[in-house]
Amino acid sequence: MLLVLLVLAGCSSSQRIETQDPEPIEADNLSMERALILASAKQALGTPYQWGGNSLESGVDCSGLVQLSYASAGIQVPRTSNQQYQALDHREQARPGDLLFFGAGDRATHVGIYLGDRRMIHAPGSGREVTVSSLNIRYWRQHYLGAAGPAP
């Protein structure tokens, strides 16, 4: 019986996405870089998804949104979500402006920008627009790889 329970527990692997929010979440409580990243990402809300895109005029994909938002703070990041995941320093708790990576194994296939209040801004996929999503959705917890971001 114990063996059956252990097997079932392994099948429902869903991890908590650890976050750390300043109170309140306002530009005054964030570094200049983090405030710029979030402001840029918010400006992209409603921008159409475009695979390989990295401009608000023609559309963005998830990693293109990250590149645009981080560039507004003077931070250069690699082009794809997996390259970003491999290159950036990881942290235990996501803070507003950090990147949240999703995928399988050690390969990131999606990235979002942590907004605070357990929400992220991301470009979800073909036929959709840049939007805000809750991190409490089971899909995100099941595919969560980790967080990374700029210096504190």
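Predicted model: local features only at pLDDT ≥ 70, side-chain atom pairs only at ≥ 80, totals over all residues.
On the α2 side, the contact is made by Leu36, Ile37, Ser40 and Ala41, and α3 answers with Leu65, Leu68, Ser69 and Tyr70. Sort those residues of the α2 and α3 contact by class and you get six nonpolar, two polar and no charged ones.

Now for α2 itself. This helix runs over residues 32-43, which makes 12 residues, and it reaches 17 Å from its first C-alpha to its last, close to the 16 Å expected at 1.5 Å a residue. Which of its residues are buried? In α2 they are Arg34, Ala35, Ile37, Leu38, Ser40 and Ala41. And what do these buried residues pack against? Their partners are α3 (62-71), β3 (90-91), β5 and β6 (119-122).

Strand β5 is worth a stop of its own. It spans residues 107-116, and Gly116 is part of it. Is Gly116 buried or exposed? Its relative accessibility is 0%, so Gly116 counts as buried. If you set aside neighbours within four places in sequence, Gly116 is in contact with Asp21, Ile25 and Pro96. Have a look at Pro24 too: 92 residues separate Gly116 from Pro24 in sequence, while their C-alpha atoms are 9.7 Å apart in space.

Definitions and conventions:
Residues numbered from 1 in each chain as written. Heavy atoms only, no water. Helix = DSSP H or I, 4+ residues; strand = E, 2+ residues; numbered from the N terminus. Buried < 20%, exposed > 50% of the residue type's maximum accessible area, 1.4 Å probe, protein only. Contact = heavy atoms within 4.5 Å. Expected span 1.5 Å × (residues − 1). Nonpolar A, V, L, I, M, F, W, Y, C, P; charged D, E, K, R; others polar.
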